[in-house]
Amino acid sequence: MTTESLRMPDATMWREDILILRGAMERRRLGATDIEASVLGFGGSEIGYERVSARTVARLLGGALDAGLNVVDTAECYDESETLIGRAIGARRREVYLFTKCGHPHGWGRGDWRPASLLASLERSLRRLATDRVDLIQLHSCSLAELEKGDAIAALERARERGLARYIGYSGDGEAARYAVECGRFDTLQTSVSIADQEAVDVTLPLARARRMGVIAKRPLANVAWRYARRPGSYYEDYWSRLRALDYDFLRHNGAVATALRFTLSVPGVHTAIVGTTKPERWQENAASLRAGPLSPAEFERVRARWREVADTSWVGQV
Ligand SMILES: NC(=O)c1ccc[n+]([C@@H]2O[C@H](COP(=O)([O-])OP(=O)(O)OC[C@H]3O[C@@H](n4cnc5c(N)ncnc54)[C@H](OP(=O)(O)O)[C@@H]3O)[C@@H](O)[C@H]2O)c1
């Protein structure tokens with residue numbers, strides 16, 4: 001995939017290393033990799049956990065690829081997500097960068113970081129995704145202690161040497177994410193960045209940027225947790241409480257989701273935001289909202305200032 005083949009017209013504005021384009025999906029270079037990532041990616045957890053049908057996933061991803069998507073993120077433990085994605089992408093494999101993760105081969109919460117298990121998990125992911133190699137394999141939120149041992153990272157390095165993955169990354173938050181950046185062994189960091197999760201903006205992203213790491217924003221819409229009138233289930237609960245305390249003005253108006261997404265993509269160092277969805281029309285809807293480009297410096301600073309005013313030390317990055 002080359003930049004020439006993208007045929008993106010109408011460059012309207014430069015901001016640091018970011019080329020903003022109107023009328024086409026913007027792409028950003030993922031750190032020092034050769035990946036030109038669509039700023040709006042696809043997060044594959046929901047299609048697995050919500051048991052979306054193969055037909056719907058084929059429609060969802062087919063339509064999104066037509067509209068400019070080229071980043072699809074999934075994991076070993078998102079139920080049938082990898083298989084659904086492999087089937088939906090099919091012959092269009094060359095149009096997409098496939099990212100997956102390893103470390104929970106028997107389901108989330110049952111981590112297995114032994115090198116042989118990580119490699120076996122990756123080989124299973126390749127079969128499920130119907131591909132010879134993924135573009136990125138990520139350690140799926142292992143602890144700082146696990147990272148410090150070094151064996152899990154070495155296993156991913158071996159997978160890269162063997163050609164099973166082009167790049168290696170860490171997906172996680174807090175002190176482990178910081179270690180992952182500072183150890184210098186990963187190509188990318190996937191971490192939570194949103195209006196309700198800004199620890200990384202202050203701590204890890206400046207370091208990742210200085211080291212030219214690719215940065216993938218996970219949970220970039222804070223799960224749209226503000227849509228719930230009552231406290232939702234545990235995965236969204238922290239974001240729901242934080243957003244009530246933050247009480248951003250823009251959440252009361254139309255276009256709140258667009259503003260939230262534009263915030264995440266305005267954070268310096270973020271290259272792509274992998275929004276999860278179960279709905280075929282969503283990706284295009286979110287893509288359309290990005291045509292407005294990044295937030296203005298004043299809008300961006302308002303969100304940051306409110307966070308600094310309200311967030312306390314317990315508001316750490318959420319896995
Ligand atoms: N530890 C890890 O490595 C880790 C942890 C969490 C997530 N992730 C990755 O990050 C990805 C994204 O995270 P996520 O799905 O938890 O959070 P998210 O992307 O912040 O939010 C997804 C939710 O937003 C809704 N949504 C999207 N666009 C919308 C719109 N325009 N209007 C209203 N609702 C909208 C979706 O609902 P609909 O279905 O109705 O569109 C979905 O419920 C995951 O798929 C996964 O790939 C990784």
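1. In this predicted model, the sulfur of cysteine 77 lies 10 Å from the closest cysteine sulfur, that of cysteine 102, which is too far for a bond. Cysteine 77 is also buried, its relative accessible area being 5%.

2. Cysteine 142 counts as buried, at 3% relative accessibility. A search of the whole structure finds zero disulfides.

3. The student may next consider the interior. In soluble globular proteins, nonpolar side chains tend to be buried together. Here the largest nonpolar core comprises 85 residues, and Leu61, Leu139, Tyr170 and Phe186 have the most contacts inside it. With neighbours within four places in sequence set aside, leucine 61 is in contact with Phe42, Leu69, Val72, Ile85, Ala88 and Ile89. Another core, of ten residues, lies apart from the largest one; Leu30, Val71, Tyr97 and Phe99 are among its members.

4. Which residues are the closest to it? They are Ser171, Tyr235, Thr277, Lys279 and Arg282, out of 31 residues that surround the ligand.

5. For aspartate 73, a polar side-chain atom lies 2.7 Å from a ligand oxygen. For glycine 44, a backbone N or O atom is 3.3 Å from an oxygen atom of the ligand. For alanine 222, a polar backbone atom is 3.3 Å from a ligand oxygen. On its own the ligand has 910 Å² of accessible area, of which the protein covers 94%.

Notes. Residues are numbered from 1 along each chain as its sequence is written. This is a predicted model: local features need pLDDT of at least 70, side-chain atom pairs count only at pLDDT 80 or more; totals for chains, interfaces and linings use all residues. Side-chain values use heavy atoms; hydrogens and water are left out. A nonpolar core is a set of buried Ala, Val, Leu, Ile, Met, Phe, Trp, Tyr and Cys residues joined through side-chain atoms within 4.5 Å. Buried means under 20% relative accessible area, exposed over 50%, partly exposed in between (1.4 Å probe, protein chains only). Contact means heavy atoms within 4.5 Å. A disulfide is a pair of cysteine sulfur atoms within 2.5 Å. A residue is near a molecule or strand if one of its heavy atoms lies within 4 Å of it. A polar contact is a pair of N or O atoms within 3.5 Å; within protein, one must be able to donate a hydrogen and the other to accept it, and residues adjacent in sequence count only if both atoms are side-chain atoms. Accessible areas come from the Shrake-Rupley method with a 1.4 Å probe; for residues, only the protein chains shown count as cover.
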